[in-house]
Structures are given as C-alpha cells and as structure tokens.
Amino acid sequence: MSDYRIEEDTLGAVKIPKDALWGAQTQRSRNNFSTGNKMPLEIIKALLQIKRAAAIANKEVRAIDASKADLIVESIDQLLKLDDISLRKDFPLVVYQTGSGTQTNMNVNEVVSHVAQNINPQLEILPNDDVNHGQSSNDIFPTAMNITAAMAVEKLIKSLKHLIEELQTKQAKYWRVVKIGRTHLQDATPLTFGQEVSGWVSMLQHDLDYLQTLKKTLGELAIGGTAVGTGLNAAPGFAEKIAEEMSSVYNFKFTADTNKFFGLAAHSGLNVVHGAIKTLASDLLKIANDVRFLASGPRSGYGELNIPANEPGSSIMPGKVNPTQAEAITMAAIRVMGNDVTIDLAASQGNFEMNVYKPVLISTFLESAELLTGTMTGFADKMIAGLTVNETRMEELVDQSLMTVTALSPHIGYHHSAEIAQLAQREGTTLREAAIKSKLVTAEQFDQWVVPIDMTNIEEKKDGE
C-alpha cells in the first residue's frame, strides 16, 4: 500500500503522508519551506481557541449550521487535550513561511477539518468555508499573536516579581552591612549592601511598572478585520463575541473594539511591549554583572559576595566555582537586545494594508519572554536565594579605602582632605595614619568624623521595604 494519499487544492493534486491530519496547503508549505524553528505551539493553541470561539459565534449569529459548529468545537476540544508532543505531530510548519502566517492558519483549518471527518464522516467540514468562516489569516493570525504575547508577558511578570522578592529579602537582611561604594570602577564613599540591593530592586520595580502599564495594548485584537480591515464576510457581532470568549479563556481583558486597518498593518503594541522587555534585559544585565563582579575571587577579586556552588566550574581546576546563573541571564539579556532589533524592523514593514513579517515577529517576541522568564527564575532561586556577604572582606576594603576622607571635607576643606588622601596613597598607609601625620586632624577628631556607617545616611527599614 502507498504511504501517501492524494488531495487537491486550487492549484491541483498534492501527495500527503497517509496518516497526516493536515491537507494540501499544509503539504505545499512543507515542500516549499523547511528552514528554521517550527511555529510556536502557543500560536497553534491560540488559533485553535479562536476558531473554537468563532464556531460558537457563527452558530449564534446563524452564519453556519449548528451541527457543523458543534462538530468543529468537538474537534478542537479533542486537539486541545493533546500534550505538546502529540500536538506538534500535525502542526509541522516553520516560522519562515508566508509573512501573513496564512499557511499556519490553513494548517489549523485542515487539521480541524480532518479531525471532524474522523469523528463524523457523514458531516462534511471544509477548511475554508466552515473552520475559517468569517476569518482571514490576515486578522486571525495577528489576533493569535497578541493573545500569545499577552500570556507570555503574564508569565514574565510572575518571574520578575519572584526575583524582586528574593532581592528584597537580601536587602532587608543586609541593610546595615557597610561596604565601599564604587563609581567609575574606582573607590567611592561607603554605603550598605542593603542600600546597593535596594537600587537593584527599584530598577526591577520600575521595569515591572512599565510592563504592567504597556501590556494592556496587547488586548487589542484584529479579529473581525478579515482581509484588509473592512470586515468583509464577517457577521455583525462576530468579532465582539470572540473577544469576549478569549477574555474568559485567558483571564485577560481583550477587546475587538479597535481599528482593524491598524490591527492588520501594524504591530505597534508588540513592538512597544518588547521595548519594555528589552529595558528589563538591560537592567538584568547590569544587576547580574554587579553580582558576579562583587563575587569575583574568592581570593584574588573583590570577594565581597559568596555565591552558591551549583556545579563544578572547571574541567581542569578542582574546586572552582563560577557564577553560571549570572552568565546564563546575561546571555539571555543580550539575545533579547538583538531580538529587539528584529522586532523593531519587522514592525516597520507594514506595507499598505498588511504587515508581512508576522511569524518572525511573534516567534522572536515569545523567545525573548521565555528566555527572561526562565533565566530570572534560575537567577532568583539558584543564585540570589543562596547569596551571602563576606562582612570581613567588606570591612577590610572600607578600612583601606581613601575615599572615606570625604567625611573630613566639611571640617578641614576639600583641598586639605585631598592632601591627606594623596599622602596615604603615596606612603601606603591608612587614611587615619596619614590624617594624624598631616597634623590637620587629631586622632580623636578622625575617629569622631570618619564613621563609615554614619556616612551611609542609613535609616532603619522594615523587612522588605
């Protein structure tokens, strides 16, 4: 027996693997496009949910026969119960295909149609006329894009909140542990480690605010625009019913009350939200670098922080521990920064009535969100949670620093204070020894004026503040 069956579309006959649930248009895409990652399953699942809602909406407005609508719903429910491995088997298309996502839309239409035929061979369900009724790839694919992006951002926000909580724990624990500050990679005046961490926390809280404010734009759905935004062949009220159902399914406020010409031709919402994700990546890069540099050593670096030993750090140097979680999150961060260029360019390609970079835009967006979601969780649980401070090293570096001389400036002036610091540097002495030798300051005055904890202007704080 043949391993193939023959199906036809408007271009003619196509050979399709015998057991495949897809049809002719999916097979043509397989034949023509084979490079790159597969279309994210999040998109497939969103398209199935939208088509399920579309069948119900079409039934309510009597746009298609009720028996057909019910069979489409039953078929989709069957598909949505599958695990990812089983689902992927019949959704094999790659990201780098038609820029509208049409072939993936047809892949979904054809699979639903074939599942329906297997359930009830007596009732014909057509991919275009029935499963795709009232829809166009041009409006349904961007609708799926916004839905999947919104869900990815929700997961990202959860991971971000978790990292903030772990950092707040360290902030409270080490609120009064004094260390030397650094600016321009040079010694500066003291601060506490808790104060330093509070800066990291504030960076991430601002990023959280940006994401929570901007994510609302992802709730604007293009559904109902059909081919060019005019809504041709979509029944009145159809789009609104789908948006309402999507809001219920995903627990996110979606609306169809949008400009459809905008919805098809532009992806400004995805672009601006990814900009906030890129900003988060920039801040994570800074924080992770600070942590790994402060933990450098343990004996030949800064050595102020102790990081967890999660795995051996070297294949040749026994006992070496590396800041691998910091390395993972910083690699993810620079990937996201590169992705932002891709998304920025893709979003700019809205030629006339439709943007034709949709698949690469959403797959890139989802990659960024997934990368930061995962690496932030790892960074929080496997590095920050186990992070401790080396108080002895911190105290030693504060004592050795010349910049605590700043506390003398209000008493003896900037010029004389600089002379003391330069004397200590020249002669390799402590600042206290140089100050006393200069005869500008007595030992008692130095001890009264140069108190590192007082120089931090520290205030008592409650845990987590």
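**Group meeting: a walk through the model**

Let's start at Gly 101. Leaving aside residues up to four places away in sequence, Gly 101 touches Phe 141 and Pro 359. One thing to keep in mind: this is a predicted model.

Where does Gly 101 sit? It lies in the loop between helix H4, residues 84-88, and helix H5. Is Gly 101 buried or exposed? Buried, because its relative accessibility is 0%.

An unreviewed UniProt entry lists it under "binding site".

Ser 315 is in the loop between strand E5, residues 305-306, and helix H12, residues 324-347. Ser 315 has a relative accessible area of 83%, so it is exposed. Gly 101, at 0%, is buried.

Next, helix packing. Two packed helices are described by the angle between their axes and the distance between the axes. Here the pair is H1, residues 24-32, and H5, residues 102-119. Their angle is about 140 degrees, and their axes are 8 Å apart. That angle makes H1 oblique to H5. The crossing is left-handed.

Which residues meet? From H1, we have Ala 24, Gln 25, Thr 26 and Ser 29. From H5, we have Gln 103, Met 106, Asn 107 and Glu 110. By class, that contact has 2 nonpolar, 5 polar and 1 charged residues.

Now the backbone. Most residues other than glycine have a negative phi, and most peptide bonds are trans. Here are some exceptions.

First stop, Pro 298. The peptide bond from Gly 297 to Pro 298 is cis, with omega near 10 degrees. Pro 298 is in the loop between helix H11, residues 268-294, and E5.

Next, Arg 62. Its phi is positive, near 60 degrees, and it is not a glycine. Arg 62 is in the loop between helix H2, residues 41-60, and helix H3, residues 66-80. With a relative accessible area of 77%, Arg 62 is exposed.

Last, Asn 457. This non-glycine residue has a positive phi of about 50 degrees. Asn 457 is in the segment after helix H19, residues 452-455. Its relative accessibility is 63%, so Asn 457 counts as exposed.

Definitions and conventions
Residues are numbered from 1 along each chain as its sequence is written. This is a predicted model: local features need pLDDT of at least 70, side-chain atom pairs count only at pLDDT 80 or more; totals for chains, interfaces and linings use all residues. Side-chain values use heavy atoms; hydrogens and water are left out. Axes are lines fitted to C-alpha atoms, for helices over the stretch in contact, and angles run from 0 to 180 degrees between N-to-C directions. Helices (H or I, at least four residues) and strands (E, at least two) are DSSP runs, numbered from the N terminus. Angles under 35 degrees count as roughly parallel, over 145 as roughly antiparallel, 65 to 115 as roughly perpendicular and the rest as oblique. A crossing is left-handed if the near helix is turned anticlockwise from the far one by less than a right angle, and right-handed if clockwise. Contact means heavy atoms within 4.5 Å. Ala, Val, Leu, Ile, Met, Phe, Trp, Tyr, Cys and Pro count as nonpolar, Asp, Glu, Lys and Arg as charged, and the others, Gly among them, as polar. UniProt positions are given in the numbering used here, feature names are shortened, and annotations may be inferred rather than shown by experiment. Buried means under 20% relative accessible area, exposed over 50%, partly exposed in between (1.4 Å probe, protein chains only).
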